[in-house]
Amino acid sequence: VTAKYQTDLWTLKLTVPYLVVGGSSNVVPSTGGEEHQTAATITTRSGLGDVILGASRNVYYDGSNGFMVNLGGKMKVATASSSNNLGTGKNDYSLQVDLYKLVGDATVFGTVGYKVYGQPATYTLYNSTFGSLGVSYKFNQETSRGIIFNASSRTTVGGSNHEEVLLFSDHWIDKDRKTEFYLQKGLTNSVPDYGIGIATSYYY
């Protein structure tokens, strides 16, 4: 569930996820690493994920060439169960710069940022740099589709860099409701092999 409040300059966002995770029991979602103190078995776990608080502000906009820069930050609140390895049990913090460039009906966008991890008691997480590059094309007033490449540096001793590709589609049902659908393909061992997601947003 996501709630968002937006003005001309500011965007505030709250995300409350519910997780269903299948695979090795000692892999913690979003870290790309393992909790090595626990013997691994293949399991399916589910429950409340970590709540994400986010804020961003537009710091530059040039309407003549369609270029925009936002500066933002996020806080991951440790609400997911660490005993079930749905989360680390620690808060994380990140800062990022987002850039957008309009090219006709397409938008090219990218992100560069840095994330500071809270340290669990039984294993070590490295702070990481992250970035993304993508393009979205507006087919009509209701529908946009695009692709995003996400990457970040490794967060654990035995882990690898995180790399994935997302295909997404956004469709406005009417002026108040939007559906979002995505397919994900992991490119390294620190990212799930495949993912799928769908969300419906209501604006008022």
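Student: Over how many bridges do strand 8 and strand 9 pair?

Tutor: This is a predicted model, in which local features need pLDDT of at least 70, side-chain atom pairs count only at pLDDT 80 or more, and totals for chains, interfaces and linings use all residues. Residues are numbered from 1 along each chain as its sequence is written, and side-chain values use heavy atoms, with hydrogens and water left out. Strands are DSSP runs (E, at least two residues) numbered from the N terminus, and two of them pair if DSSP finds at least two bridges between them. Strand 8 (residues 67-77) and strand 9 (residues 92-103) pair in the antiparallel sense, with Leu-71 opposite Val-97, and the number of bridges is 10.

Student: Which residue in the turn of the hairpin formed by strand 9 and strand 10 has a positive phi?

Tutor: Strand 9 runs antiparallel to strand 10 (residues 106-116), and 11 bridges join them. Val-103 stands opposite Ala-106 of strand 10. Two residues lie between the strands of this hairpin, and the one in the turn with a positive phi, of about 65 degrees, is Gly-104.

Student: Which residue in strand 11 stands opposite Ala-106?

Tutor: Strand 10 is also joined to strand 11 (residues 128-138), running antiparallel to it over 10 bridges. In strand 11, the residue opposite Ala-106 is Tyr-137.

Student: Which strands are the edge strands of the open sheet?

Tutor: The open sheet has 11 strands in the order 1-2-7-8-9-10-11-12-13-14-15, with antiparallel pairing. Each edge strand pairs on one side only, and the two are strand 1 (2-6) and strand 15 (194-202).

Notes. Helix = DSSP H or I, 4+ residues; strand = E, 2+ residues; numbered from the N terminus.
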